[in-house]
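Subject: Structure handover

Hi,

Here is the structure for your set. My notes on it follow below.

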Amino acid sequence: MFLDKKGKIFGKISIIDLLVIIIFAVAAVGIGARFVTSAAKNAREKVHFSYVVEIDGVRKYTVDALNKKGLVTDLKSKSVLGEIKSVQSQPMKTQSVTSDGRMVFAEVPERYTVLVEVEGEGKESDSSYFVGNDVELSVGSTMSMTTKYANSSGKVKSIEKAE
């Protein structure tokens, strides 16, 4: 018989100790599966798409640098995120309170809001897109981008899959 009088299996380990070890093993596997498996690994095949990044508060120099277009890379991983296809700029406006208490939108001197359209290839998952070395893009997320002439960061405003 493999249980002795003290309730130990083969006289070495108790049943309660064995149950605790099993519970910890199952918890470790569950935690590992939850945090190690990323959405990028579950992404589908490569797709072609374009996305628009809104950058607030840049100077004219940065607008001119972005208008030179070219490749966009990730500031951290240096992976290619796509190529700039179009750049639209307008004077930056911010909400201000006037002396009589009204809220108005006023232009900020020498600052611009820029919409940068970038085309690239990446992977698509159920909730987002991934470009470069699995840099996640989703509407509302903040991304840092570097071109040959400028470094900036902005919010992703839209993503469209190319047909």
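Among contacts (heavy atoms within 4.5 Å) between residues at least 6 apart in sequence, 62% join residues at least 24 apart. This is a predicted model: local features need pLDDT of at least 70, side-chain atom pairs count only at pLDDT 80 or more, and totals for chains, interfaces and linings use all residues. Residues are numbered from 1 along each chain as its sequence is written, and side-chain values use heavy atoms, with hydrogens and water left out.

Overall make-up. The protein has 2 helices and 10 strands. These are DSSP runs numbered from the N terminus: helices are H or I with at least four residues, strands are E with at least two. The order from the N terminus is β-β-α-β-α-β-β-β-β-β-β-β. Of the 163 residues, 30% are buried. Buried means under 20% relative accessible area, exposed means over 50%, and partly exposed lies in between (1.4 Å probe, protein chains only). The accessible surface is about 11200 Å², by the Shrake-Rupley method with a 1.4 Å probe; for residues, only the protein chains shown count as cover. Carbon and sulfur atoms hold 55% of that surface.

Aromatics. There are 2 aromatic pairs. Rings of Phe, Tyr and Trp (its six-membered ring) pair if their centres lie within 6.5 Å; planes under 30 degrees apart are stacked, over 60 edge-to-face, the rest tilted. Phe49 and Tyr51 have ring centres 6.2 Å apart and planes at 40°, so this pair is tilted. Phe49 is buried at 0% relative accessible area. Tyr51 is buried too, at 1%. Phe49 also pairs with Tyr129: centres 4.6 Å apart, planes at 40°, so tilted. That pair links distant parts of the chain, with Phe49 in strand S3 (residues 46–58) and Tyr129 in strand S7 (residues 129–131), 80 residues apart. Tyr129 is buried at 12%. Phe49, Tyr51 and Tyr129 make one aromatic cluster.

A loop residue. Which residues does Thr147 touch, not counting those up to four places away in sequence? They are Leu66, Leu71, Val72 and Ile84. Thr147 is in the loop between strand S9 (142–146) and strand S10 (151–161). Its relative accessibility is 9%, so Thr147 counts as buried.

Charge over ring. The charged end of Lys68 sits over the ring of Tyr149, 4.6 Å from its centre. The cut-offs are NZ of Lys or CZ of Arg within 6 Å of the ring centre and within 35 degrees of the ring normal.

Helix H1. Val26 is in helix H1 (residues 15–36). Val26 is exposed, at 57% relative accessible area.

Best wishes
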